[in-house]
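Take a look at the protein below and its ligand.

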Amino acid sequence: MKMEIINVSLKKEIESLSYPVFVGNNILTKANNLLKKYIENKKIIIIYDNFFSSKNVLDKTFMDFFKLIQENSLSVNLIPVSGGDQTKNMLQLTNIVEQALSYEIDRECVIIAFGGGVIGDIAGFVASVLLRGIQFINIPTTLLSQVDSSVGGKTGVNSKLGKNLIGSFHQPLAVIADINILKSLPEREFRAGFAEVIKYGLIKNKKFFNWLELELENIFNYESFQLEKVIAECCQIKAEIIQKDEKENGNRALLNLGHTFGHAIESFGNFDGKIIHGEAVAIGICMAFKFSNMSGFCSKADVERVLNIFKKSKLPTSLKEIKNFSINTPEMIEKFKYDKKTRNNKFTFILNNKIGESFIKNDVNVNHLIDFIDKEI
Ligand SMILES: NC(=O)c1ccc[n+]([C@@H]2O[C@H](COP(=O)([O-])OP(=O)(O)OC[C@H]3O[C@@H](n4cnc5c(N)ncnc54)[C@H](O)[C@@H]3O)[C@@H](O)[C@H]2O)c1
Ligand SMILES: [Zn+2]
């Protein structure tokens with residue numbers, strides 16, 4: 001039988017992987033200058049966390065931002081969304097998409113996400129599917145979203161079967177991380193975001209980890225110098241990783257340290273807020289270090305140091321610390337099947353040789369894993 005093969009060659013370069021991440025204190029007041037070239041003469045839709053509009057009154061910072069955008073664009077429509085992983089789902093996505101379409105948008109329209117990681121992930125996904133893809137700008141308002149989710153272009157929603165299983169890669173046009181907006185963040189959310197900060201040091205930057213240990217108190221006191229450095233450093237480390245591997249065919253998976261365990265834990269909680277993403281990641285990272293040690297890769301002293309920084313940050317280090325949370329080992333193993341790193345039922349974990357040196361471990365021994373989880377839960 002005659003067969004023709006036609007090769008479709010696409011440009012391999014990453015479409016728009018050059019974009020600014022503005023980090024600073026009070027820089028949202030300059031949003032008109034920072035964003036002018038992206039929003040001028042465009043219809044804008046701001047998808048924002050309804051934390052910023054209690055009882056239909058817009059929060060002052062958000063109101064000022066809204067006015068700046070209004071003065072510098074063609075039109076602005078607002079779509080409020082509740083934060084929290086409970087709302088990061090397909091139902092919410094459909095509602096937002098239908099509402100956005102009702103504003104007679106065109107392909108030049110720009111979405112602005114204004115909120116934490118949940119708003120950024122869902123708004124980015126909305127932008128990637130609306131009219132087959134329009135541009136978006138991210139204004140992260142939680143520590144977690146400023147150091148992690150707003151950069152890198154992973155967008156999406158959760159499924160009942162697991163975390164972030166539906167989504168796309170869609171890079172933003174620009175990101176503004178203003179540390180001033182973190183002042184209203186509940187302490188628990190700030191601490192949860194800090195789990196991802198620790199992650200960056202552990203993956204590939206021991207110097208940064210050492211600095212975090214020293215500056216812990218200043219960071220939790222919201223000292224501007226330290227906080228700005230934290231955010232800039234994390235975004236820099238993340239940018240270096242994703243510039244080489246946008247779609248996670250290789251080393252981008254290192255950013256998943258602690259997330260195989262963490263996502264399994266989160267989806268057991270049904271995203272009901274009993275355990276939030278950063279807390280699940282904190283437990284997940286501690287488990288990854290303990291598992292690394294048990295598998296002969298990492299010293300006990302490093303494991304202790306890791307547990308210690310999480311404890312000092314008042315983050316959980318073990319599932320045993322979470323009250324009324326029951327998981328059994330077979331159920332947890334079942335969850336790993338939905339991890340995006342799993343291939344042909346073979347599990348991949350991010351493990352550590354030491355602090356500052358993570359690696360990708362394919363085909364992890366399941367019996368070994370079962371023994372480990374039995375001890376941990
Ligand atoms: N895309 C990625 O690369 C990536 C990376 C890491 C995490 N994530 C995702 O990010 C999500 C977690 O992000 P998050 O922790 O920002 O959650 P979130 O968006 O739910 O925000 C946490 C809580 O803080 C509130 N909030 C937001 N900004 C506030 C402010 N300035 N002041 C007071 N309250 C505020 C929200 O209403 C919410 O209740 C998870 O869904 C996770 O999967 C994505
Ligand atoms: Zn995360």
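The questions below concern a predicted model.

Q: How many residues surround ligand 1, and which are the closest?
A: The shell around ligand 1 holds 27 residues. The closest are Asp-49, Gly-84, Gly-117, Thr-142 and Lys-163.

Q: Which residue has a polar backbone atom 2.7 Å from an oxygen atom of ligand 1?
A: Polar contacts are pairs of N or O atoms within 3.5 Å. Lys-88 places a polar side-chain atom 2.8 Å from a ligand oxygen. For Asn-164, a side-chain N or O atom is 3.4 Å from a ligand oxygen. The backbone atom at 2.7 Å belongs to Gly-84.

Q: What percentage of the area that ligand 1 exposes when taken alone does the protein bury?
A: Taken alone, ligand 1 exposes 860 Å². The protein buries part of that area, and the share is 90%.

Q: Which elements give two or more residues to the shell around ligand 1?
A: The shell draws at least three residues from each of domain 1 (21-184) and domain 2 (187-376). One strand is on the list, E9 (162-169). The helices are H4 (117-129), H5 (143-149) and H6 (187-204).

Q: How many charged residues are in the shell around ligand 1?
A: Sort the shell by class. Seven residues are nonpolar and 10 are polar. The charged residues number 10.

Conventions: Residues numbered from 1 in each chain as written. Chains lettered and ligands numbered in written order. Predicted model: local features only at pLDDT ≥ 70, side-chain atom pairs only at ≥ 80, totals over all residues. Heavy atoms only, no water. Near = heavy atom within 4 Å. Polar contact = N/O pair within 3.5 Å; in protein donor to acceptor, adjacent residues only side chain to side chain. Areas by Shrake-Rupley, 256 points an atom, 1.4 Å probe, with all protein chains shown as cover. Helix = DSSP H or I, 4+ residues; strand = E, 2+ residues; numbered from the N terminus. Nonpolar A, V, L, I, M, F, W, Y, C, P; charged D, E, K, R; others polar. Domains from an automatic or database assignment.
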